[in-house]
Amino acid sequence: MEKLKKAEALLVRLEGATLVTLLTVMMVMAFLQVAARQFFGTGLLWGDTFLRHLVLWVGFLGAALATADEKNFAFEALQTGLSGKPRARAALALAAQLCGAAVGALLTRASWIYLLAEHEEAKALFTAGGFEVPAWAFAVILPLGFLLVTLHSLIKAAEAAAKLR
Amino acid sequence: MTILFSVLALLLAVAGAPVFALMGGSALYLFHAAESADPGQSVIIELMRLATMPSLISIPLFTFAGYVLAESGAPKRLVDLAEALFGWMPGGVAIAGLFACALFTAFTGASGVTIIALGGLIHPLLRKQRYPEDFSLGLVTTTGSLGLMFPPSLPIILYALVGKVSLDRLFAASAVPGAVLLLILSGYAVFIAGRHKVPRVAFTGQALRTALRAAAWEIPLPFLIVGGIYSGKFTASEAAAVMSAYVVFVEVFVYRDLKTCDLPGVMTRSMMLVGAIMIVLGTALGLTSYMIDAEIPSRLFELLSAHIKTPWPFLALLNVFLLIINMVEIFSAIIIVVPIIVPVALQYGIDPIHLGTLFLLNLELGYMTPPLGLNLFLSSRRFNKPLPELYRATLPYWLIVLGALLLVTYVPRLSLWLPDLLHIQ
């Protein structure tokens, strides 16, 4: 259990660092786009498309961290009401986390297939400075994000299972 | 099979399974049951539509800016300023609390952070002025969501995205009912102050000057954002970009309330909320697309119209239904319910913007509706009071907000007046 917690802490640090980097890029670039539009009446043509896809990256990393911190939206009243009965509560948490992991795994698989199809198609999302950026490069976050959510759900499930014994 | 699946999903929901898993799982199952060629792709292709929503970027930017404000000294400066401005009036300190909370909630995304950040400042202030305990407790609990009718609150953005209505128009529409509610609540504060002979605070130019000087860098913010959006100078997304840059500049480099090294923490905490919203939004898109394909809204309309012929009783029924849903979980409620009710309401000839306003005000009421409203729990934790005491303390406020909701529901002009006046499309 201790090893698992350490491994998760490392993963969370990595996710956090990536998220902070991407969000900083997003904020700076979004601000420069507005400034360019207000003062020069123009901005980078591909800027808005890029930013919209960056939101997906930031969002999925945020969702992974939310799963690690058990901050996903859920109906919590029953679990909260059972705070006096730790075993019953752990059993509910185990079922809930396994449900998250199962659906997460299905969606990881589905988005992996989607990513392969996008890669096959090799469509350009936008052209930046003569360099064609393919659409699949941004779609990487779908299987990656769902995989991270699944992993964190499994770790939470293991923690709940440990409380059952 | 479908019955078995529904029972399982319901049990898992009650056990506390994450909403995104319930949405995604249901979408996968329903596409599978409808013999779709590839259920997984149907869900993922819909999810990818997130990247085509133009206002989506305003959600992370506004949320981050709100978290920065909440963790800085802005709440204290805001309360001081409001007290210096309104404190001399009858009921003045309570009115100051109402306005400060409304403004703060609008700017921090109405995620309950107001009760934590401002409630702790305003409650002792009210008690010191000898306002009754129930009144004070009710006020801070109610005001935790008072600002969600004003731009740039997160629920408005989310509603516009999901309901496919113009965000700028909805920003203008919801502000008028929000302002009316604020006025009614201020009137109630004056009444209570009079009945309990609460002393007034003397107005001093000195106090006002000090408060103005302290908040000098934050005062332009509402004008910049709200003015920018209403005048058409910025879109909501652009306003979000400006606000996040401005807030970081002011709180980190001017006031130095936060250090640069605090920012990564604020970023990850705020993006957890954004991520939790986005993953539900993404998976719900698949479920919604199934429901539209299966013509659930038009079937629902057929079913309803057999019994309900006119819009008015429909709106009454809708409000009751929404109140129950909104009490449980606000953001998920918007994401799941809006795509189904918007087409039904259109059939009844209800303006989608009017529907949006009443939905948002219903959310506000849901936040404080017993037994499960979120504000009640936050307040109970923050002020260490048992829930039943909060149910009693918020009852007068609950009735006032309910009255406002009826007004907004049955007087559509109230919502449509400002956007029409400003010609916002």
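Trainee: How many helices and strands are there in chain B?

Mentor: Start by counting elements. In this predicted model, chain B has 21 helices and 0 strands.

Trainee: In chain B, what share of contacts between residues at least 6 apart in sequence joins residues at least 24 apart?

Mentor: Look at sequence separation. Here the share is 80%.

Trainee: Which elements of chain B have the lowest and the highest mean pLDDT?

Mentor: Where pLDDT is low, predicted coordinates should not be read in detail. Chain B has a mean pLDDT of 89, with 99% of its residues at 70 or more. Helix α7 (residues 113-128) of chain B has the lowest mean among the elements, 84. Helix α2 (residues 19-33) of chain B has the highest, 94. For the complex, the predictor gives an ipTM of 0.95 and a pTM of 0.89.

Trainee: In what sense do strands β1 and β2 of chain A pair?

Mentor: Check the bridges. Strand β1 (residues 124-128) and strand β2 (residues 131-134) of chain A pair in the antiparallel sense over 4 bridges. Ala128(A) has Phe131(A) as its bridge partner in β2(A). The hairpin has 2 residues between the strands, and Gly129(A) takes a positive phi near 55 degrees.

Trainee: Is Cys99(A) buried or exposed?

Mentor: Read the relative accessibility. Cys99(A) is at 10%, so it counts as buried. Cys261(B), at 61%, counts as exposed. A search of the whole structure finds 0 disulfides over all chains.

Terms used: Residues numbered from 1 in each chain as written. Chains lettered and ligands numbered in written order. Predicted model: local features only at pLDDT ≥ 70, side-chain atom pairs only at ≥ 80, totals over all residues. Heavy atoms only, no water. Disulfide = S-S within 2.5 Å. Buried < 20%, exposed > 50% of the residue type's maximum accessible area, 1.4 Å probe, protein only. Pairing = 2+ DSSP bridges. pLDDT = per-residue confidence, 0-100. Contact = heavy atoms within 4.5 Å.
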